[in-house]
Amino acid sequence: MSGKLERGLNTLKAQIDAPMAAFFSSCVHCGVCAHACLFYTETGDPKYTPIYKLEPMRRVWQQEYSFWGKLARALGLSKPVTDQELADWEELVYDSCTLCGRCSLVCPVGNDITYMIRRMREGMVAAGHAPKGLKQVTVRTVEIGSPMGITPETLRKQAAHAEQDAGLPVPLDVAGADYLLLLSANETMVFTDTLPALTRIFHQAGVSWTLSSEAYEATNAGIQIGSSDIAAELVQRIVSAAEKLKVKYVISPECGHAYTALRWEGPNLIGRPYPFEVIHVAELLDQLRAEGRLKLDSRETGRLSFHDPCQMVRRGGVIEQPRRLLDQVAEDFVEMPDAGIHNWCCGGGGGVSANERAVPLRRRAFHRKKEQLDGLQLTTLVTSCANCRDMLEDGLEYYDMDIEVKGLADLLAEHLAESEPGAQGGEQS
Amino acid sequence: MSGIELLNWARGPGLQIAGAVFVIGVIVRLAAILLLGRKTDLSRPREGAMWPGLRTVLTRSIPDAGTFRRSPLVFIAGYVFHLGFLLTLLFYAPHILLLKSVTGLEWPGLPVSLIDVLAVLSITALVALFINRLIDPVRRHLSRCGDWLALLVTVLPLVTGYLALNRMLLPYTDMLAWHILSVELLLVVFPFSKLMHTFSFVLARWYNGAIAGRKGVQV
């Protein structure tokens, strides 16, 4: 057995905790999870059944923790999981799973299959079986600080652009600010309206905030590839910067996995609770709305719907906030079928968007989203995750659907009233 | 061995051995799961975990409309089988007497004619699930020996019980002996098979509901 394989199998074994054992023990192979997975529903290929993606790990569980498995091992009859099997499963564990969590919602015995896949990826990485594209992104994030290779200099340039766009100062490295704003790489480089949008909203609402040149990247490739060590290192950078700036809150931007990484996995990754709170930007905006600090003076006239990002909504618990916010600006808002925690994934979460090999499969799976949207006659599809936004634009173009995609903060900023700023607005820089 | 001797063995030592394997096996399996433990979650919870977990233990019994529509046979046959099996097990008068001798508890039974219908429905549901497992691409893909074995050891007590109740195929004492033996087979196989889900589903649902619940999501 090669060293890598041994490390992979040991990691898989170590990842089996009480919930994992309860889940493996409870599966009755009913197949209901298949129908909750867009990779199965759009291909009809049974290999994409969510629980089947766990098969090598199930065998490790059986061999290491079950009566018959232990007996077979003692008698030398068990067949250990091979390197080839793990290689064969790479596509199932990475390309055809976005960690969207829809299967975990429908399993009749209650298995949280997404929790299982997340843990299986730890073993896959340890064994060296992660997609090339995702590995490259992970290396760039660790070495340069961002999956798109954004350096602190690039951030400064983008912040300067945002200052010009917003006509307002963009605070950078301001110690003692209340909020530290993080961005996803997509927002820094592609959806460059978001930073000026937030700058204007925060200015008007009088939010005391700052960016950090030491921690600006919110995405966490470690979570996606399944390496807790790397994920912890990336979270630690943010925690260190937040502690140095003595902020009370860290704002998780419009990026699904960033929220899971920072809000839910982060303290467990670094092994201690944070001295600050993590707030999703949609939560903060909704709070500003509730406090009357988000002043809007116009409405969107076209028909709008909201695409729920899986990690923010189903796996994150920020569900009603974007709807309450859209209620402020939308004249004609419609929910798509299965909206809310049952929404279907964009197909590119969980590292799939970073995996070039998965592009054809991801576009095929996007057909589910097309079906959800067909008949709604939307002008605009709003979402609150830059990765979803990217995937939605790609998918809509692929299926030749004429719907504009917008970020939630960008949309709100378009309707922001030109009024006097709040007391503390924009004074830090 | 005559029918009556077989029946006496099945009722006596057979049942004791099978019962012991079942009880000890189930306890050991559940303990083995729980003893693996899990790390304390250090993230700041939005809600507690206990109640959302318990809520999921109950609510997951009913599928959402979309999920039901996508796998209607699995859910309908699943309900019919589980309810039929439980009701015949717990509410057939002779079963109540046996359970009273073990637990000291007693409750009213259901009419024999209804038990008869429930057994037939339950068997039919298992046959439907068996055929579906053969022909449905997903379920066939997932199926292993354990799935077929579980179906077999579950249907045997129902079939033998039905035949004994209706005095069919074999003399009553013989069929009753086979019925009790088939139950013993079920009891012995139980802790070592996926039949464990009968108990472990409570843990699985609780963990799922608790993990989501502390994030403020009701699953």
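**View 1. A partly exposed phenylalanine, A:Phe67, and the surface patch around A:Phe67.** In this predicted model, A:Phe67 counts as partly exposed because its relative accessibility is 46%, where buried means under 20% relative accessible area, exposed over 50%, and partly exposed in between (1.4 Å probe, protein chains only). A:Phe67 belongs to helix 5 (residues 67-74) of chain A; helices (H or I, at least four residues) and strands (E, at least two) are DSSP runs, numbered from the N terminus. Together with A:Trp68, A:Leu71, A:Leu75, A:Leu77 and B:Phe192, A:Phe67 makes a nonpolar surface patch of about 620 Å². Such patches are made of residues with over 30% relative accessible area and no salt bridge, like charges being joined within 9 Å and nonpolar side chains (Val, Leu, Ile, Met, Phe, Trp, Tyr) within 5 Å, while accessible areas come from the Shrake-Rupley method with a 1.4 Å probe, and for residues only the protein chains shown count as cover.

Residues are numbered from 1 along each chain as its sequence is written, and chains are lettered from A and ligands numbered from 1 in the order in which they are written. Local features need pLDDT of at least 70 and side-chain atom pairs count only at pLDDT 80 or more, whereas totals for chains, interfaces and linings use all residues; side-chain values use heavy atoms, with hydrogens and water left out.

**View 2. Strand 7 of chain A with its partners, strand 5 and strand 8 of chain A.** Strand 5 (residues 300-307) of chain A runs parallel to strand 7 of chain A and is joined to strand 7 by four bridges, two strands being paired if DSSP finds at least two bridges between them. Within this pairing, A:Phe306 has A:Val382 as its bridge partner. Strand 7 of chain A also pairs with strand 8 of chain A in the parallel sense, again over four bridges, and here A:Leu381 stands opposite A:Val405. From strand 7 (residues 380-383), A:Thr380 and A:Val382 point one way and A:Leu381 and A:Thr383 the other way, and all are buried.

View 3. A:Val405 is buried, because its relative accessible area is 8%. Apart from neighbours within four places in sequence, A:Val405 is in contact (heavy atoms within 4.5 Å) with A:Leu381, A:Arg389, A:Leu392, A:Glu393 and A:Leu396.

**View 4. Two salt bridges of chain A, one of them within a helix.** A salt bridge is a side-chain nitrogen of Lys or Arg within 4 Å of a carboxyl oxygen of Asp or Glu. A:Arg118 forms a salt bridge with A:Glu122, their closest N and O atoms being 2.8 Å apart; because these residues are four places apart in helix 8 (residues 113-126) of chain A, about one helical turn separates them, and both A:Arg118 and A:Glu122 are buried. A:Glu418 forms a salt bridge with A:Arg200, with the closest N and O atoms 3.7 Å apart. This pair links distant parts of the chain, since A:Glu418 lies in the segment after helix 21 (408-414) of chain A and A:Arg200 in helix 12 (residues 194-205) of chain A, 218 residues apart. A:Glu418 is exposed, with a relative accessible area of 71%, whereas A:Arg200 counts as partly exposed at 25% relative accessibility.
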